[in-house]
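Morning, everyone. I'll take you through a few local features of one model. Have a look at it first.

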Amino acid sequence: MHEWQGEILLVDDDAGNLLALQALLEPLGQAVLRARSGEEALRLVQQHDPSVIVLDVRMPGMDGFETARRIRARERSSHIPIIFLTGASAETASVFRGYAVGAVDYLMKPVVPEVLRAKVSVFVELHRKTAALALAQVQLRALAARLIAVREEERARIAREIHDELGQFLTGLKMDVTWLRKRLGKDQAPLLDKTETMRRLIDSTIKVVRRIATGMRPEILDDMGLVAAIGWQAKEFQKRMGLRCRVELPAAQPDLGSALSTAVFRIFQEILTNIARHAKASSVGVQLQISAERLSLEVADDGSGIAESAVDAPESLGLLGMQERAQLFGGEVSIRGSPGRGTTVALAIPLPAAPQPPPG
């Protein structure tokens with residue numbers, strides 16, 4: 001594994017100053033980028049991600065203040081720390097102006113080498129740690145995605161085994177009990193009653209098996225797609241909880257892919273679970289919209305509402321799980337609510353553009 005190396009951008013219209021600064025910072029062991037104008041500095045920050053910028057204030061054309069302002073105005077470079085250098089007397093107004101455009105420090109020339117190296121090294125180390133943290137987050141997200149996929153695969157496998165194998169055993173047992181019942185005489189009332197009890201118990205067990213298998217992985221999600229699965233789950237929730245569910249679904253059944261459909265469906269299930277546990281609602285509104293660019297799901301209840309402090313609480317694992325699932329696809333989950341006025345959970349996920357056919 002190669003050692004991480006950052007980049008330091010030096011900006012000064014004087015070539016001699018640039019070489020002197022580069023030699024001064026060489027002991028830090030970082031790559032150095034050099035620019036002799038504000039325009040060149042702007043081009044470099046668009047092409048690289050410097051750990052820190054050492055920027056001369058007085059330059060012909062675009063001066064250091066304007067260069068810093070434009071660097072800060074661009075989203076890609078707005079986070080880069082800027083250290084101003086000036087050979088002029090540091091007037092208070094100029095220092096304030098430097099800080100106003102985003103400088104983290106303002107030094108006079110000639111600089112003390114140890115001071116500049118110390119200040120630059122702080123931001124290089126901060127950048128290194130930030131990059132390491134970003135990489136760890138990417139790796140954790142990839143691990144989370146893999147764990148979710150493995151869990152869904154295992155749930156689907158167990159659901160199939162429960163539905164197919166255990167269901168077949170129970171069906172066969174019911175047929176045997178029915179066969180036995182037909183061969184019992186009418187004078188064997190106790191045995192007839194017992195076989196009838198066994199048949200009813202087997203029927204109840206078959207229903208439980210189907211319910212468990214469906215809960216682990218609804219066949220409708222794989223067979224008919226997300227839109228149909230959302231509608232089915234809303235109806236099941238209404239029957240189980242006795243709540244009125246108003247559902248608005250798109251007429252079309254777009255192919256979103258198994259992973260995305262599963263993620264949206266699980267988020268919807270988690271929303272309904274939270275409503276059942278906490279909302280004390282009497283009605284729920286569900287709206288699913290799917291366009292070429294975006295999928296949005298909104299679920300609103302008229303229940304007791306959610307306090308703002310509960311949305312980001314560490315113990316709200318269900319909410320964190322929904323957010324994590326959405327982020328795997330570049331989406332987000334937002335929650336709006338207030339005590340006594342219900343809660344609205346909105347999911348938004350951008351959809352990848354469909355590949356265009358080659359020109360004929």
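Let's start with a glutamine. Gln-233 sits in helix H8, which covers residues 226–241. Keep in mind that this is a predicted model. Is Gln-233 buried or exposed? Gln-233 is buried, because its relative accessible area is 10% and the cut-off for buried is under 20%. What does Gln-233 touch, leaving aside its neighbours within four places in sequence? The contacts are Phe-265, Phe-268, Gln-269 and Leu-272. One of these, Gln-269, also makes a polar contact: its side chain and that of Gln-233 are joined at 3.0 Å.

Next, helix packing. Two packed helices are described by the angle between their axes and the distance between the axes. I have two pairs.

Pair one is H2, residues 38–47, with H3, residues 64–73. Their axes come within 9 Å, and the crossing angle is roughly 20°. H2 is therefore roughly parallel to H3, since angles under 35 degrees count that way. The crossing of H2 past H3 is right-handed. Which residues meet there? From H2 we have Gly-38, Ala-41, Leu-42 and Val-45. From H3 we have Thr-67, Arg-70 and Ile-71. By type, the contact of H2 with H3 has four nonpolar residues, two polar and one charged.

Pair two is H5 with H6. H5 runs over 113–182, and H6 over residues 189–216. Here too the axes come within 9 Å, but they cross at roughly 165°. So H5 is roughly antiparallel to H6, the cut-off being over 145 degrees. H5 passes H6 in a left-handed crossing. The residues of this contact split into 16 nonpolar, six polar and six charged.

Last topic: backbone geometry. Most residues other than glycine have a negative phi, and most peptide bonds are trans. Two places here deserve a look on that score.

The peptide bond between Lys-109 and Pro-110 is cis, with omega about -5°. Where does Pro-110 lie? Pro-110 is in the loop between strand E5, 103–108, and helix H5.

The other place is Lys-280. Lys-280 is not a glycine, yet its phi is positive, about 55°. Lys-280 belongs to the loop between helix H9, 258–279, and strand E7, 283–290. Lys-280 counts as exposed because its relative accessibility is 77%, against a cut-off of over 50%.

To recap the two lysine sites: a cis bond joins Lys-109 to Pro-110, and Lys-280 has a positive phi. That's my tour. Questions, please.

Key
Residues numbered from 1 in each chain as written. Predicted model: local features only at pLDDT ≥ 70, side-chain atom pairs only at ≥ 80, totals over all residues. Heavy atoms only, no water. Axes fitted to C-alpha atoms, helices over the stretch in contact; angles between N-to-C directions. Helix = DSSP H or I, 4+ residues; strand = E, 2+ residues; numbered from the N terminus. Parallel < 35°, antiparallel > 145°, perpendicular 65-115°, else oblique. Left-handed = near helix turned anticlockwise from the far one by under 90°. Contact = heavy atoms within 4.5 Å. Nonpolar A, V, L, I, M, F, W, Y, C, P; charged D, E, K, R; others polar. Buried < 20%, exposed > 50% of the residue type's maximum accessible area, 1.4 Å probe, protein only. Polar contact = N/O pair within 3.5 Å; in protein donor to acceptor, adjacent residues only side chain to side chain.
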